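Colleague: I would like to learn how to read side-chain contacts and pockets in a model. Could we go through them together, one feature at a time?

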Amino acid sequence: MFTFFISIIALVLGYVFYGKLVERVFGIEPERKTPALTRTDGVDYVPLPAWRIFLIQFLNIAGLGPIFGAILGIFYGPAAFLWIVLGSIFAGGVHDYMAGMMSIRKDGASLPEIVGSELGMPIRQFMRLLSVVLLVLLTTNFMTSPATLLANLCGGSEVNSIFTTQMFWLVVIFAYYALATILPIDKLIGRFYPIFGALLLFMGIGIAFVMVGWHSGDMLELTDGLQNRQTNDLPLFPMMFVSIACGAISGFHGTQSPLMARCCTSERQGRHIFYGAMIAEGILALIWAAAAGSFRFPDAEGNACLTIQEFATIHQGENVAALVINVISRSWLGIVGGIIAIIGVISASVTSGDTALRSARLIIADFMHLEQKSIGKRLIISLPLFAIVFGMSFVDYNIVWRYFAWTNQTLAVFTLWAATVWLYKQEHSTSMRYRFGYLLTLIPALFMTMVSSSYILIAPEGLHLSHSLYPLGYGIAAAITLALLIIFAVWTRKFNQTADKVKIRQ
């Protein structure tokens with residue numbers, strides 16, 4: 001319990017102090033008019049109250065990632081707590097804040113346009129493709145998982161009814177996604193998110209209350225050791241750092257922050273909305289990681305004695321994270337409370353899937369230079385997306401999730417590098433920025449480059465190097481990371497030389 005409470009306190013203090021530092025380094029201009037005020041169109045650029053924007057941003061990013069990811073991450077042991085806390089404060093919060101604030105400064109631009117404007121046209125084109133692929137994969141994930149949970153909630157295979165079939169709920173969720181993608185942001189998303197938010201908060205608070213009150217003695221502690229407890233023989237680094245994506249840092253968040261950047265009415269709101277939502281998500285991830293790690297699952301005879309690793313071994317080939325949520329919620333919160341908690345998890349995933357599809361529409365619209373005020377132009381982009389997503393929903397969930405996880409973290413790498421370049425330019429073109437402020441994004445950019453590079457070499461869905469070749473994989477990843485650092489250093493030298501020449505001319 002000590003580790004859990006210290007982790008929560010650390011996240012809150014991170015928001016108060018480190019979040020403020022990030023805001024100062026960025027250099028907000030409260031009097032500058034935001035895109036919501038200068039480009040109001042009643043569809044995507046819609047001024048909204050700050051509390052509502054925060055809630056939408058939180059629900060956008062707090063899909064299955066901080067819940068499923070945290071559950072999968074705790075397989076590796078108490079080290080998961082460290083990554084959730086440190087990742088949220090020093091990587092995820094900074095990443096989300098910079099993506100949102102750079103979008104505000106760039107007139108509400110989507111993520112590929114933001115990154116491309118700093119890293120060049122080839123990267124812009126690659127980011128356009130990577131972002132849309134990520135969002136399609138994520139939307140597919142966030143259709144199949146809640147559809148499975150809803151079918152189980154209605155009785156599963158034990159009851160012969162249309163409501164217990166995954167296909168029925170896939171169609172229902174897909175229909176909602178279609179409406180949320182097409183309609184103005186304040187008509188559906190803006191109205192229903194407070195309800196979904198209440199369910200999500202109930203779920204998190206309820207699980208935490210029961211866990212601390214009745215199961216604190218079973219909670220994992222850092223003093224138990226940071227050794228890898230995963231039973232599949234995969235290394236803790238980088239596997240855990242990709243498994244726990246949305247609960248620490250997620251490239252998907254970078255695609256969502258521009259959605260809310262188009263609704264902010266002041267740059268002063270940025271820290272509360274973008275950095276604050278990431279910290280709130282980190283707290284949610286901590287709750288589920290601690291719960292999954294402390295819970296004792298039933299064996300074949302119904303005895304509560306299995307660890308999460310043993311439970312997963314019995315249920316190989318199934319969606320273990322969904323089963324864990326179902327078992328814990330019903331056991332700790334009772335039938336009614338468990339149902340509400342499961343609905344909270346479902347709403348979390350659904351409210352990320354809808355905005356993921358909406359974000360994909362806007363990215364394609366920016367690329368094709370198609371205005372989105374008219375519903376016809378929205379449908380031109382949306383209909384092909386709908387067909388792809390629905391078709392992908394029939395692909396094995398575990399395969400889709402694996403490729404989503406790596407694509408997700410790779411997207412975060414590009415966003416952090418773009419933010420580093422932007423901060424460096426700002427620092428050396430004005431006198432109001434902190435010296436070496438770009439280190440706030442450079443350090444996590446280097447770390448995540450190492451994570452993503454080594455993952456694609458070691459993971460089963462990548463090159464799947466054998467255990468004896470892990471050192472080679474880490475060496476190649478380190479070489480890639482060092483190469484990017486050298487490229488950045490060379491660029492800074494050329495940038496400084498150009499800036500000096502300009503100053504001399506002036």
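Colleague: Over the face of which residue does R271 lie?

Modeller: R271 lies over the face of Y15, 5.0 Å from the ring centre. A charge sits over a ring if NZ of Lys or CZ of Arg is within 6 Å of the ring centre and within 35 degrees of the ring normal. Before we go on, this is a predicted model, where local features need pLDDT of at least 70 and side-chain atom pairs count only at pLDDT 80 or more, while totals for chains, interfaces and linings use all residues. Residues are numbered from 1 along each chain as its sequence is written, and side-chain values use heavy atoms, with hydrogens and water left out.

Colleague: With which residue does the side chain of R271 meet in a salt bridge?

Modeller: Side chains of opposite charge can pair when their charged atoms come close. The criterion is a side-chain nitrogen of Lys or Arg within 4 Å of a carboxyl oxygen of Asp or Glu. R271 meets E23 in this way, at 3.8 Å from N to O. R271 lies in helix α12 (residues 270-294) and E23 in helix α1 (residues 2-26), so the pair ties together parts that are 248 residues apart in sequence. Helices here are DSSP runs (H or I, at least four residues), as are strands (E, at least two), numbered from the N terminus.

Colleague: Is R271 buried or exposed?

Modeller: Buried means under 20% relative accessible area, exposed over 50%, and partly exposed in between, with a 1.4 Å probe and protein chains only. R271 is buried at 12%, and E23 is buried at 6%.

Colleague: How many salt bridges does the whole structure hold?

Modeller: A search finds 15. One of them joins D366 and R262, with the closest N and O atoms 3.3 Å apart. This pair links distant parts of the chain, with D366 in helix α14 (residues 320-368) and R262 in the loop between α11 (251-261) and α12, 104 residues apart. D366 is partly exposed at 22% relative accessibility, whereas R262 is buried at 3%. Salt bridges with shared partners also join E29, R32, R105 and E267 into one network.

Colleague: How many aromatic pairs are there?

Modeller: A pair of aromatic rings is described by the distance of the centres and the angle of the planes. Rings of Phe, Tyr and Trp (its six-membered ring) pair if their centres lie within 6.5 Å; planes under 30 degrees apart are stacked, over 60 edge-to-face, and the rest tilted. The structure holds 30 such pairs. Among them, F26 and W422 are stacked, at 4.9 Å centre to centre with 15° between the planes. F26 lies in helix α1 and W422 in helix α16, so the pair ties together parts that are 396 residues apart in sequence. Both F26 and W422 are buried. F209 and W214, in turn, are edge-to-face, at 5.7 Å and 70°. Here F209 is exposed at 56% relative accessible area, and W214 is exposed at 60%.

Colleague: Which residues lie nearest the centre of the second largest pocket?

Modeller: A pocket, on a 1 Å grid over the protein atoms alone, is an open set of points where a 1.4 Å probe fits, with protein on both sides within 12 Å along at least five of seven lines; lining residues have an atom within 4 Å of a point. Of the 16 lining residues, L119, F414, W417, L484 and I487 lie nearest the centre.
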